[in-house]
Every structure is written in C-alpha cells, then in structure tokens.
Amino acid sequence: MSGISSVVRTYGRSWIDFWNHFWFEKRAANTLALMRVLVASMLLYTHLVWTLELPTFFGDAGVLPTEYRGLFQWGPSYSWSHFEWFQSSAWLWGSHFAGLLVLFLFMAGWQTRITGILSFLLVVSYANRATGAQFGLDQINAFLCCYLAISDCGRVYSVDAWLNRKRGRGLDGSTVMNNIATRLIQLHMCVVYLFAGLGKLQGGYWWNGEAIWGALASFEYQSVDMTWISDHMWLVNLLTLVAVSWEVAYPFLVWPRLTRPIVLLMAVGIHLGIGVFMGMLTFGLVMIYGNLAFVEPQVWRRCCGSIGADETAEITDHQVVAAKTT
Amino acid sequence: MSVRNDKLQMLPMNESENCRDPEFAWGAVTRGIVSLVIALYLGIVLLGPLANPIGSADLTLPLSRAVRPVHQFMYLGHGYRFFGPDPGPGHLLTYRIKTNEGDIVEGQFPDRSQHWPRLMYHRWFMLSESIYDHYAFTPSPEMFRESLAGVQKEIDAARIEGAPREIVDELERRHWNMRQDYDLSSRRFDVVVRGIAGYLMRKYDGQSIQLFCLERLIPLPVDVRSGNELDDPRYLSVPQQIAEFTWSDLSSEEIQ
C-alpha cells in the first residue's frame, strides 16, 4: 500500500512541479512588448476605421438600436458600452477620439498598465455596442488586449522603459506576470484553434476537400481572383485537408520544440492566405500576432537588440545562459 | 538529477532553462491562490465554445448561463467556429426607398463601391449576415402557431391518457420555451430591422422603405470552368421582402 501511495505522491508532486514551472517562473517582456506594439496597432486601426461611420454604428439614430444586443438571451444582460452613458454627439465623438488616443499610448507604451486596461475596456465597449457587425477580429482583439494589459509588457520597447532609463531607474523586465499572460495567450489560442477545427469536422465540405473552394469562390469574401484554382481541384482538396488537420492538431503540436516551428510557419501561411485572398487581412494579421506568444523572448532579443530596452533587465540570467547554450 | 532532466525535457516551452532557477518569485500561498483563479478562469474560457453555438442541456448550458456575467463583461463566451461547419452562401440586404420628393433610391449592403476600407465593408457584410440569420431562424407567425398547437395537442393527449406528471411537465416546459424563444427572436429581428429602416429613411428623406434579403450561392467549380463569373446573377436568389415601413410605422422616437 505504501508503495502505491508513494507512486501517487510522486506523480502528484510532478504535476505540481509542472504547474508551478508552467505558470510561475519569470519571463522576459520582449515577446509581449512586441505583441503590444503589433496588437495595439491593430486596435488603433480597427477603431480608427469606425471613425468613418461612427454615428451610423454607434449613434442613437444609427443602424443598431441600443436594446438590440440585450435580445440575445432571456434575463439580464451584462453586456455594456460607454457609448450609452450619455446620449450626445459631443460624447460620441469626444469619447471616440479620447479612445483612439488611449490606444495610441498603449501602443507606444506610455503608462502601459493603465492604458492597457483602458484599451481592453474600450475594445469590449466598442464590440458590445456594435453587436451584429462584429466578427472574429473583435474576439481575438479583446482577449489579446486583456492578457497584454495584465502583463508587464511595458518594461521594454516602450516610452515607459525609455523614461525609466532616463531617470536611472532600471526595472526588471522578467516577471511572473509576463509568464502568466504568455501562458494565457498560448492556451486561449489553442482553445480557438481546437474549436475552430472541431467545428469544421462537422461539415461535409471539410471532409470531401471542397471547403477551400467554398471560401475562395464566395463573391462577398473574394478580394483576389482565385477562380483559376477550379482547374486544379486536387490542390483545393489538399489545402482543405491540410488546413483542417492543422487546426485540429495545433493545440497538441504547438508545444513540442520539434513541431512548433512548423505549426507556427503554417499559421503564418494560412492566415496570410485568408487575409490576402479573402479580404480579411486584419483578422489574418491579428491571428498571426497571437501566435507570436509561442516565440521565445530570446529570439526577439537577438533580432531587435536593445531597441528601447533596459540592457540589464530584459532577460533573466538563466535565460541568457540558456540562449547561449542552445 | 537524470530523472529531473528527463522530466524537464517534456516541458513544453522554456521551462528547461528556467528550472535551473529553483526559486519562484511568488510564495506558495500566492501561487496557490493564483492557481485557483487561473483554473477558474480557464474553465470560464472553455465554457464559451462548449456552450456556443450548441451545448449540453444539463451541463455546459447551465454552467455557461451561470458565468454569463463574466463572459459578457469581458467579451468572452464565443464559439470560435470560424468557417464551420461549412463555408456557406453569402447574404445581402437590399433596400428600396421612396423619398418625399417621389424619387426611388435603391441600394444594398455590403457594397464594394461604397464601403471602404475593406474592414468597413466587412462590418456591413456581417450586419447583413446577422439580419439574414435572424430572418431565417425566426418562423413566420403562422408556422409558429402551428408548431405551438402541435405541442399543445401532445400535452392534452398526455393528460387524457394519464401520462406520468414528469412527461406532462416536460411538454409544458417545451411549450413555454418555444413561446419565449419565438418572442425573443422576433423582437430581435424587429428591433434591428426597424433600426436599419429608420436610419435609411432619415438618410434619404424617405417616405416608405422596403427591405429584402438575398442569398448568393457559391458556384460549382465546373460552372466557373465553363466561364461563369462569381457575381453572375444566376447565383443570386429571388429577393425576399423581409420588412416594409412608412414613416407612420416607425415610432417618433426612432425617427428622431
């Protein structure tokens, strides 16, 4: 009996060790800081585009009545939007431009914690108010912004880091919160791909290999004429099967070092394809930005050098040693 | 030492490097509390796609309802079924407005010639898709009354036959849910269609408006090989009128 309990204890202990290392070691900010710049640029663009039709989608006299989004379930709605706090054109435009400024500051990394949280609230508020006109882009924007906001992504490549260096206050770029935020992004991306893939397995066109044709031959989505591919249906079949297999396999193959680069390169190819050929470049790019969470901070350290970084603080000692030895 | 190294090689990311530092920055109690929060949060994230667009009646749907405040506050709870289960036909919304000057204005969304940049085009496209969904999944009042009467008949028959109370309760629950769902979906459709109609009437100084839904089918590869274009009118369905309003049909608050 004692033998069995010992095995169970050892097994349990190894799970606890795994959990602690997975979530609670320190991680450098480089990857998240780069993601902050890219994701916040996307947020800025996404919300800047709303400027063209702001009263149409967000105004009281627009196409989307405020009560609409509360009619998707019985009972109280907890969906909220700051656009409904005051009903005036001044508030609509004033809060919009103030919001754009916040997104810009988050991208630049000024008061990053505050502007990050405000950016997340803005993204949610806009998406809620525009219920009926949102799509996957808004969903990915929101969770990436949320995780970046709770991280210490402003420690490098940011105005905050530059100001700190100027004042002679070096901050440790490696923190536990960076690791937790990275893990949350990684796991959330796995959830997205897993369910996107499983959802496709319910459809006949993903099994008979014609789904990619359905996507490329949709006039409403088409942005580049790909109809020539109808002469090469074997290629359509291959692309369909590769795409759905990759999505289903993503949560399992993105973790091992051996398969991770292949999975990530496929992500870049597939999302750029969706972006260029189906006119959803914003969605394609933000998915690629999400995938960056799987790239080690040391890689950016090598690529970007010390741009906007505290030389002494970006990478913990053990990460530098590891980078040198690999 | 070798056991530890073996274990570390199985860790997914850069754990093997970081394990050389045995110290954690956070104490055990903090790690324990944060671990609970993380586990709870991940459960909440997972409940989104497990309950949307379809979920289990006795597990994921009630749990999803319980965490709805978090889902809605944080904009979580999505199904993430992008292009699933199958890429389907596109849907357009067209309108025909008679203006106060007696002119006729016709248009549609999405419209590549008007909606720019592509992201804005996509917003209009998503709106037309949402309206089509509401229209397609809201039965006509006649159809609804018919299906409701069918369930009512089942309830009456179960009572006459002396069926167990549980069966009668279940049928009554279904009857009640059908009425609630119909009420909600018809209100949702009505509200958004009135919103769009009001917006277009104001924009074009309209006297009356008709709204239509169209479906554009995806051509077969063989059709394209034989020279058909994707925007060939033969792939467009006959427009179905989904609403018609005059000024007086829309309330004064909506118009102003």
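**A friendly note on a two-chain predicted model**

1. Let's start with one pair of residues in chain B: B:Ile97 has B:Ile209, in strand E3 of chain B, as its bridge partner. Helices (H or I, at least four residues) and strands (E, at least two) are DSSP runs, numbered from the N terminus. Helix H6 of chain B packs on the sheet and touches E1, E2, E3 and E4 of chain B. The direction of H6(B) makes about 90° with that of E1(B). Here and below, axes are lines fitted to C-alpha atoms, for helices over the stretch in contact, and angles run from 0 to 180 degrees between N-to-C directions. Two residues are in contact if their C-beta atoms, placed from the backbone, lie within 7 Å.

2. Some ground rules before we go on. This is a predicted model, in which local features need pLDDT of at least 70, side-chain atom pairs count only at pLDDT 80 or more, and totals for chains, interfaces and linings use all residues. Residues are numbered from 1 along each chain as its sequence is written, while chains are lettered from A and ligands numbered from 1 in the order in which they are written.

3. What is the order of the four strands in the open sheet of chain B? The order is E2-E1-E3-E4, with antiparallel pairing. Strand E2 (104-109) and E4 are the edge strands, each pairing on one side only. From one strand to the next, the twist averages 15°. Two strands pair if DSSP finds at least two bridges between them.

4. Now look at the individual pairings. E1 (residues 90-99) and E3 (residues 206-216) of chain B run antiparallel and are joined by ten bridges; B:His91 stands opposite B:Glu215 in E3(B). On to the next pair: six bridges join E3(B) to E4 (residues 240-246) of chain B, also antiparallel. There, B:Ile209 stands opposite B:Phe245 in E4(B). Helix H8 (residues 165-203) of chain B lies across E1, E3 and E4 of chain B, at about 125° to E3(B).

5. Is B:Leu211 buried or exposed? B:Leu211 counts as buried because it has 22 C-beta neighbours inside 10 Å. The cut-offs are these: a residue is buried if 20 or more other C-beta atoms lie within 10 Å of its own, exposed if 12 or fewer, and partly exposed in between, with C-beta atoms placed from the backbone. Not counting residues up to four places away in sequence, B:Leu211 touches B:Leu93, B:Tyr95, B:Val193, B:Ile196, B:Ala197, B:Ile242 and B:Ala243. B:Val193 is 18 residues away along the chain, and its C-alpha atom is separated from that of B:Leu211 by 8.3 Å.

6. Chain A is built from 15 helices and zero strands. Its C-alpha trace spans about 65 × 55 × 45 Å along its principal axes, and 46% of its 326 residues count as buried. Of the contacts in chain A with a separation of 6 or more, 77% are between residues 24 or more positions apart.

7. A:Asn30, A:Thr31 and A:Leu34 in H2(A) meet A:Pro297, A:Trp300 and A:Arg301 in H14(A).

8. Finally, the two chains together: 75 residues of chain A are in contact with 66 residues of chain B. H8(A) gives the largest share of the side of chain A that touches chain B, nine residues.
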